[in-house]
Amino acid sequence: MENVERLVRTWVATERDEEVEAVVAEISIGNATFVHVVKALGEYLTAEEDSLRTKGVEFLSSVIGKCPPEKLNRQAVRVLVTFYCGKLEDTETIVPALKGLVSLTSLPTFTGTDAIEVVNALFKHVKMNVLVQSQRFLVFRIIDTLVARHREALKGLGKEFLSRYVALVEGEKDPRNLLLAFAIDRVLLIEFDASSHVEDLFNITFCYFPITFRPPPDDPYGITSDDLKNTLLACLNSTPAFGPLAIPLFLEKLTAGSPATKRDTLAALNVCLPVYGAAVARGFARKLWNSLKLEIFQPTDPQTEEAALKTTQVLIQTIYSIDDRESRSDEEDVQGLAKEACEECIQILREPEKSQAKPANKVLCAFMSTTPSVARFTLSRVVPHLVKLFHNPDEAPTRAPTLRLLADFISAARDSTSQDPEVLPDEGDVPLAPVKDEVLGVLTVGLKTPSTAPPALDGLKALVTTRGLLSDEEVGFVVHNVNELLQKEGEDGFDDVSDPALDLLIVIATFAPRHVAANTLPLLFSSLPDRAPPRSAEAERLRYWRTLDSLSKLCEQPDLFETLVVRLLTKLDLVCIPPPEALDTEENHEPSAAYAHSILKTIAEVLSAKVNKGHKDVVKYIDRLVPRLYNLFIYSALMSDGSYMAATDPRLASVAAQIITLITQSLAAQRQGTFIEAVFAAYLHGDVKQLADGQQKLPADRPFTPLDPSAPTLQKNLLGLFSAAVVALRKGVPLPVENEASFLGMLLQWTREHADNVLQRDAVSHVLTSVVNRHAEGLASFTSERLEAFWKAEIADNAVTYQSRRQSISLWAWVTKALLVRGDPLAMQHTDKLFELFNDTDVNWDAARALGFIVASDKILTKRNHAVIKMLYSQRFCNTLLPRIVTGANSSEQPRQNAYLVALTSLITSVPKSTYSHQMTSLLPLLLRGLDLPDPEIRASVMSTLLAAAQPGSETKGAAKEHNALSEHASNLVTTMLKNSMASQMPSVRVRIAALKFLAVLPGVVRYDILHPQKATVIRELAKVLDDPKRAVRVEAVEARTNWFRFSG
């Protein structure tokens, strides 16, 4: 007892939480009871001095709030309830008393009798208008708890409770309190007998509609406008009794409100009308339709129009949903608003070319998703009307808009049915079934003329995607007619129908590929020539381009892709391996290579799409496609004795490599292992039997030895197909060699001594980087010793030729990239060596560019290729190197200084903007110096970086800092960009375009008072650029000059 008294006295003096927690601890362990606490507080609870009396009640409430519920028995709660209700009369103790009641009302020993006493005390003594928000919030919390826990006791108070509650909460404005108030109101309207107080409850809720609250910035309470809207709507739709009161006010808001208010009102009607019921909806149907019609036919914005259509659907559903449960005929069922509105809209559709026809059709489309009876009635009126209109000879000019309306209506009818792919609708539940033949006939007729073909295709697409509507024969009929349309491509007026026609066929191919394979593909393949058209045959080349493009879009389905591969490989063989009697002239070489390239590119594009979509059939083409490709290219390399063969063109090998990589990516590790064994057997040992298989038989007397020092260049060029297989291997797939480090060392030596061109060097670089990235832990002798010797002999030695050193730096960068991406510490050691070359004027810029290349994204070390990639590696690399480069650029002497500028440009153009944007202020002066470097590529890269920093529209703090930095250097930037935009001073088109793009955005991010002195000069100088010989430059000049003309304070 003494300890409790001491703690109470200490708290009264200090008001620290420690004393409250100490008293609670004493009670919890049984050393004290609430009787002891009350006795210790006695003098304070009855003190004459207001502050002491308030503190006494405050301390007691704090102890109750933190005390375990089991320590408050029924008797204690009863006494405390009486005590606190009495303290509500005292204006000085009302706030701590409310805090105590908040804790008491949630206790299990708090009963219904206590609830009645508390609520009566609140109604009698609490005056909400004299309390601040936080105090009123306590009152709402108490009532909310009482309504939730002791609802039956409160119901016993009858009408008096509701009337006194309305009087208590009326006029509340704070959003935090309103959230609770709306929740309480909903319970009262649903659970209590509110029939005699409907208007009162309506008044205290609807007065807040619509919610206009906008939370302040950095609102600590996190209350949003949507929170309030949702809780208020839950009140407004809580009882049908609100209907006659609410709808007139909703109509008023629709008539006079802003677009935002109208959308809120429409959203409210959507949730309220079903609750208010069919009788209320019928009573206001005509008035509601008149208001909704205005928003649909004369919309203020698309969002409001869409909302009005949705509300129209809800209105119709509410009126007719009960009638739909009765089995009456459609004609008898649909009377009233639906029939009147439908006939009104059909009257408008008599002139389908007029602007009002489209919104009228939208209403009819909306009716299709209301009730079955309304949908059937609408369908029975709309489709016959549009079909008759289409066939009327007098209305021939309006056929295109008529078909557009019909296509939209068919789409709406399709969308009105269940979209569950597991459930096939019954024949009677397919809306368009009764009029299917008429609609199909109209749409196929529409395909015959250019103006009606696009809407007819859209209508057919909606028809074929309506589940359970068309039979298999009818789908075949559609495909036949679309094929006839595709054959007209290129004729007058039919230039723009191929894409929608292909879209339709693609859709059909997803569920009925047989028809496309049997009818469409033969048509397309027959239009592909067996020989490449000559240079002069532009129309023929255009035709095969279009055909291949169509095939690439159409043949993603497994069955269709298999046909595509077989037929295109046959065409490829004919083009690349022509018969001996075929005339071979130099003029045919380039067209043949271009045609073969297009064929391979088509296969690659479709295969890439299939890989992106996760098609499982991709893996089987390791046996059906890859051996044919290897056979074709190896055969061509072996048999080309000075005579031209299209498959020896490196551009074709590059596309074939893409195909091989895509397929290898998809293989399981075990299958990759057997495949790579065949690849290594062919390339290292000349055993091509396991790898290559095709129509052409490989000559046994001509060995395939691409890695032999004396191998012909055509064989060496096929190393790209070797690397294509290696780069996509999974980490767990070993290379079929005795020692991987020795193998990589051999490749390193080969590329330095025997590689003839960049294609071969790139292939070896890709193999090195892929193997090092996946198996670095077992390649220590290569990544340390072998590469160290390579650095000293091939890069650091000034006696080596410039071209050779440059190539070696590229190879070094590839290996360093492999280590960096996997997070290997050795990567930074390799990077440091590049800085050692900054004093070497021969290769310092190449070393500087390599720093950016190391961290830049590429197509080799990717997740899809199963590379080992550590998260945020580029950010860590940039954060490590950027300070070093900035320091070097600011403090070094030439030639190191320029090398650092090149390194800076290369680095920041290779990493995401977010990596360096926070340092833009310090980087900008260096970037401006980079614009004086003679290399056009460097200038263009700097300008791209500056353009990214100057892009308007970002309101972030980082963007503000960047724009401020640009403002500081605005004058120099304008002068430099103008100089770089002139063809007489800058021959590079890329630089001129980049400079003009930057000038175009500068007025959007720099204040007028800063740029104003430059305005006249810029406009005058840009006028000269309007005569640039390149159209792309002139376009950017017009854009930039227009922006500066409009630039004003």
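The model is predicted: local features require pLDDT of at least 70 and side-chain atom pairs count only at pLDDT 80 or more, whereas totals for chains, interfaces and linings use all residues. Residues are numbered from 1 along each chain as its sequence is written, and side-chain values use heavy atoms, with hydrogens and water left out.

**Annotated domain**

- An unreviewed UniProt entry lists residues 38-298 as "domain: MMS19 N-terminal"; UniProt positions follow the numbering used here, feature names are shortened, and annotations may be inferred rather than shown by experiment.
- Residues 38-298 are 71% helix and 0% strand, and the end C-alpha atoms of this stretch lie 71 Å apart. Helices (H or I, at least four residues) and strands (E, at least two) are DSSP runs, numbered from the N terminus.

**Salt bridges**

- The structure holds 52 salt bridges, each defined as a side-chain nitrogen of Lys or Arg within 4 Å of a carboxyl oxygen of Asp or Glu.
- One of them joins the side chains of E21 and K66, at 3.8 Å from N to O. This pair links distant parts of the chain, with E21 in helix α2 (residues 17-28) and K66 in helix α5 (residues 50-66), 45 residues apart.
- E21 is partly exposed at 46% relative accessibility, and K66 is partly exposed at 41%. Here buried means under 20% relative accessible area, exposed over 50%, and partly exposed in between (1.4 Å probe, protein chains only).
- R74 and D114 form a salt bridge whose closest N and O atoms are 2.5 Å apart. This pair also links distant parts of the chain: R74 belongs to helix α6 (residues 74-87) and D114 to helix α8 (residues 112-125), 40 residues apart.
- R74 counts as partly exposed because its relative accessibility is 32%, whereas D114 is buried, with a relative accessible area of 0%.
- A network of salt bridges links R74, R78, D114 and E117.
- R151 forms a salt bridge with E191, with 3.7 Å between the closest N and O atoms. R151 lies in helix α10 (residues 151-155) and E191 in helix α12 (residues 175-191), 40 residues apart, so that distant parts of the chain are linked.
- Both partners are partly exposed, R151 at 25% relative accessible area and E191 at 35% relative accessibility.

**Negative surface patch**

- E491, D492, D495 and D496 form a negative surface patch. Patches consist of residues with over 30% relative accessible area and no salt bridge, like charges being joined within 9 Å and nonpolar side chains (Val, Leu, Ile, Met, Phe, Trp, Tyr) within 5 Å.
- D495 lies in the loop between α27 (472-487) and α28 (498-511), and D495 is partly exposed, with a relative accessible area of 43%.

**A buried loop residue**

- V733 is placed in the loop between α38 (719-726) and α39 (740-753), and V733 counts as buried because its relative accessibility is 3%.
- V733 and R774 are 41 residues apart in sequence and 9.4 Å apart in space, C-alpha to C-alpha.

**Backbone geometry**

- Most residues other than glycine have a negative phi, and most peptide bonds are trans.
- F209 and P210 are joined by a cis peptide bond with omega about -5°; P210 lies in the loop between α13 (198-206) and α14 (225-236).
- A cis peptide bond also joins Q894 and P895, with omega about 5°; P895 is in the loop between α45 (873-891) and α46 (896-908).
- H866, which is not a glycine, has a positive phi of about 65°, and H866 sits in the loop between α44 (844-855) and α45.
- L872, not a glycine either, has a positive phi of about 60° and is found in the loop between α44 and α45.

Definitions and conventions. Accessible areas come from the Shrake-Rupley method with a 1.4 Å probe; for residues, only the protein chains shown count as cover. Lys and Arg count as positive and Asp and Glu as negative; His and the chain ends are not counted. The place of a charge is taken as NZ of Lys, CZ of Arg, CG of Asp or CD of Glu.
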